[in-house]
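User: Can you walk me through this structure? Keep it short, please.
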Amino acid sequence: MNTKTFALASLLMAMPAFGHHSFAMFELTKDVTYEGTVVEYRWENPHTHIIVKVDPGAADPSTIGTWDVEGGATNIMGRQGWTRATFKAGDHVKIVAHPMKDGTKGASLFYAVLPDGKRLYHDIARPKAEGGAGSNP
Amino acid sequence: MSIVSWCHWLQNTPFATGIRQSDLFFPLIEGSHIIALSLSVGLIVVFDLRLLRVAFRGQPASLIMEQFVPFSLPGFVIMFATGVLLFISQAEKVYLNPFFRFKLAFLVLAGINASVYQVKYYPKMREWDKSGLVPWGAKLSGALSLLVWAAVIALGRTMAYEL
Amino acid sequence: MDLQRFWEWFYSSPAIDVLRNAKYAIPLIQSFHLFGLTLVLGTVVIFNARLLGIGMGKITPPVIANQLWRITLIGLLLSITTGILVFIPDPARYASNTAFKTKLVILIASILFHFTFFRKAIRSTTPTPRGRAAAVAAVSLTLWFGVGWAGRAIAFLG
């Protein structure tokens, strides 16, 4: 590997890797945990959506309310193990996502934590702690 | 029934839901929309450039139009049909999207502009072709068409960036 | 300054940061990207239609070649420039995307073909033999439309 390829490779490794369109509207440096109830699980294109209701009394009071968490296209999510039956309305859910910058109650999905502790990721991005690039530039 | 609730009903019909949940059909329809747009708008822009005397200056405008229409028209039909399908599949979200409303407004503007051209300048194209000059109104129509279609593309793209 | 440091500086420079974080920067750039694509695909279809003898019969091939060649190039230049601007704020996201990589390969093949065999066929003063014209047109259309489809697949195939 010559210097040029090495420089490019190390640059790429230091950078975020995620799925779909520009993430300019989300605060990518923030990983917020939303724990609550699924109001609606919309398995669809161009983006999957999980509407989550976080009740008063949540560990993080700033997350109280109903949030629209946006995922990727069904095909991209499908390859991470998601299906149209992953969630249904009424399910208890724990989601880690990047909130919108403008304060609107929306967020970009990072991953969901299933009851058995297994994680389902939005796409190929992984947290820094696990050897991934993280999702923050 | 309000428009929003009608859109809500529309996007929840099995047909609309089927498109939205398909790994194959949604990307295929969206891709066709853009590819067909390339054909129709691409050629509309070249014709606009003819009216502005930038391209094909040596050829009659009426001839360029006649030769382009067999290609731009099917492109337009596919673009329109796939656009309708995309709207049906996400009716409520799209209806509430401010950029979609601007896009519709610009599409109406493009339609009015084209109709004015058809009524006022098209019938006399062969006459002014002989003189080699383009009436200022036809030039204005060409310039307007160029700008309006560019705006339609930009608004269509920006629509996707609302949650 | 070595290359890696340059890249790191470039990646985190304020200008790139604006591209990455301004809400409408990327959609605006992508609009020009699409506008460039419409010019490329629109004109390429006209070239190939003439080559195949389906339509455009009342305008001679040299006239079409002279008038449209530049428009294709302007569209291509616009698309490539804006494409680079979309790529640089998030290089890793694109570099790991199979559809994107495929798109680059097809794009390079399209450009190579366009400036060699295709250019020769459309600028030829003697009519190109039917079989050869059909082959050139088939390759040209497949490649350029392939670029468009692969581009759209970036968001859906990953």
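**Helix, strands and interface**

Analyst: Start with helix α7 (residues 130–157) of chain C: its 28 residues should span 40 Å at 1.5 Å a residue, and its end C-alpha atoms lie 37 Å apart, which agrees. The expected span is 1.5 Å times one less than the number of residues. Helices (H or I, at least four residues) and strands (E, at least two) are DSSP runs, numbered from the N terminus. This is a predicted model: local features need pLDDT of at least 70, side-chain atom pairs count only at pLDDT 80 or more, and totals for chains, interfaces and linings use all residues. Residues are numbered from 1 along each chain as written, chains are lettered from A and ligands numbered from 1 in the order written, and side-chain values use heavy atoms, without hydrogens and water.

User: Switching to chain A. How many bridges join β1(A) to β2(A)?

Analyst: Five, and the two strands run antiparallel. Strands pair if DSSP finds at least two bridges between them. A:E40 has A:I51 in β2(A) as its bridge partner. A hairpin of six residues links β1(A) to β2(A).

User: And which residue stands opposite A:E35 in β4(A)?

Analyst: A:K94. Six bridges join β1(A) to β4(A), also antiparallel.

User: Now the A–B interface. How many salt bridges are there between chain A and chain B?

Analyst: One (a side-chain nitrogen of Lys or Arg within 4 Å of a carboxyl oxygen of Asp or Glu). B:R20 pairs with A:E44, with the closest N and O atoms 2.8 Å apart.
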